[in-house]
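This report covers one protein chain. Keep the sequence and the 3D view open while reading.

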Amino acid sequence: MQAHRGWTLVAAGSAIVGLAASIASVIDDLGPTATFCAEAGCQTVRSSDWAHPLGIPMSVLGVAFFATMVGLAFVARPALRRWLAIAGAAWAVWLIVLQAFVIDAWCKLCLVADPSAIVHAIAVVAGARTLRPGLRSIGLATPALGAAVLALALWTHHAPPPAPPPDAPLPGFVVEAQQPGKVTIVELVDFECPFCREMQRRLDHALAQTRVPVTVVRKMVPLPMHKGAIPAAIAWCCAELQGKGDEMARALFAADPEELTPAGCQRLAEQVGCDMERFRRDVPAAQQRAIADFQQAKDAGIHQLPTLFIGHRRITGASLTADELVTEIERAAVSM
């Protein structure tokens, strides 16, 4: 009897923790910015094709599953509860395999929800009993859910390294890039980084809105955690040597991250009209350019992407809207 009571508590607790993690994921998926899990791995998982089966965010499916399991804890339907729990655990194992071997990135909230589903299934199969519905049990479940969400918020909170103030002295490569008569935007780029992709989308909108003359200078900062970032950086450098840097940048940002292989990047270069014989010949020089750009950023103490320099002002992170970027561009034009 004591063992059954223990498995009953484990089943209830794991379902509540899984529901809390799924709710936090829904908030991140549907909100304008990530509230709980804003790290690169979380963003990579969230932006992958696997995160939206049939167009539905995986987090919504997680909420539906765990909410159902919490409800079944109070309903005497042991067979239904058991088979749903087993199915949920099997799906959770598949999601863990996807993150490990296909997406090649880990989401903190997924690492709570998926094991919770597995533990829940073990507890249900091992003999978890049905809870007696009542004000006491429901009254305990509600604050437990709230406490779990709060705990996840504290655990997943990631304080980025302090960024230099916007008006700090400019790195030498930014000073050298400035062009007279134009607002110069120096953009540090990782073509696979989901934050960089979001910033690029907003920057494109800002550049379409402003009437200020602007030139964009890109520096390659391919992060080691993104396996497609280095091939993309090398491909961009090759295209830029042929005067097709802007077209190649748009193609690389728009491509699925899985396409950012050496062969995939060459296909994109061909699509934007690069001379492929020269492209291949320029690869060694492009590799050296990408290495030099990365080292310049490292020497300047830049450790967070996206980072933009609009004129003499440093913009770190992807928090600014397109309208706010327009304001920064026009402010830089006035101070030229």
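## Cysteines

In Cys238, the sulfur lies 7.1 Å from the closest cysteine sulfur, that of Cys237, too far for a bond. The cut-off for a disulfide is a pair of cysteine sulfur atoms within 2.5 Å. Cys238 is also buried, at 0% relative accessibility; buried means under 20% relative accessible area, exposed over 50%, and partly exposed in between, using a 1.4 Å probe and protein chains only.

For Cys107, the closest cysteine sulfur is in Cys110, 3.4 Å away, which is again too far for a bond. Cys107 is buried, with a relative accessible area of 5%. Across the whole structure, the search finds zero disulfides.

## Source of the model

The model is predicted: local features need pLDDT of at least 70, side-chain atom pairs count only at pLDDT 80 or more, and totals for chains, interfaces and linings use all residues. Residues are numbered from 1 along each chain as its sequence is written, and side-chain values use heavy atoms, with hydrogens and water left out.

## The chain as a whole

The chain contains 14 helices and four strands. These are DSSP runs numbered from the N terminus, with helices (H or I) of at least four residues and strands (E) of at least two. Of the 336 residues in the chain, 45% are buried.

The accessible surface of the chain is about 17,100 Å², and carbon and sulfur atoms hold 63% of that surface. Such areas come from the Shrake-Rupley method with a 1.4 Å probe; for residues, only the protein chains shown count as cover. Among contacts (heavy atoms within 4.5 Å) with a separation of 6 or more, 76% join residues 24 or more positions apart.

## Nonpolar cores

A nonpolar core is a set of buried Ala, Val, Leu, Ile, Met, Phe, Trp, Tyr and Cys residues joined through side-chain atoms within 4.5 Å. The largest one has 41 residues, and those touching the most other members include Val186, Leu188, Phe191 and Trp236. Helix H9, residues 229-241, gives the most to this core, with eight residues. A second, separate core has 19 residues, among them Ala15, Leu19, Ala92 and Val112.

Leaving aside residues up to four places away in sequence, Leu188 touches several residues, including Phe173, Cys196, Val221, Ile302 and Phe309.

## Aromatic pairs

There are three aromatic pairs in the structure. One of them joins Phe65 and Phe66 edge-to-face, at 5.0 Å centre to centre and 70 degrees between the planes. Rings of Phe, Tyr and Trp (its six-membered ring) pair if their centres lie within 6.5 Å; planes under 30 degrees apart count as stacked, over 60 as edge-to-face and the rest as tilted. Phe65 is buried at 19% relative accessible area, and Phe66 is buried at 3%.
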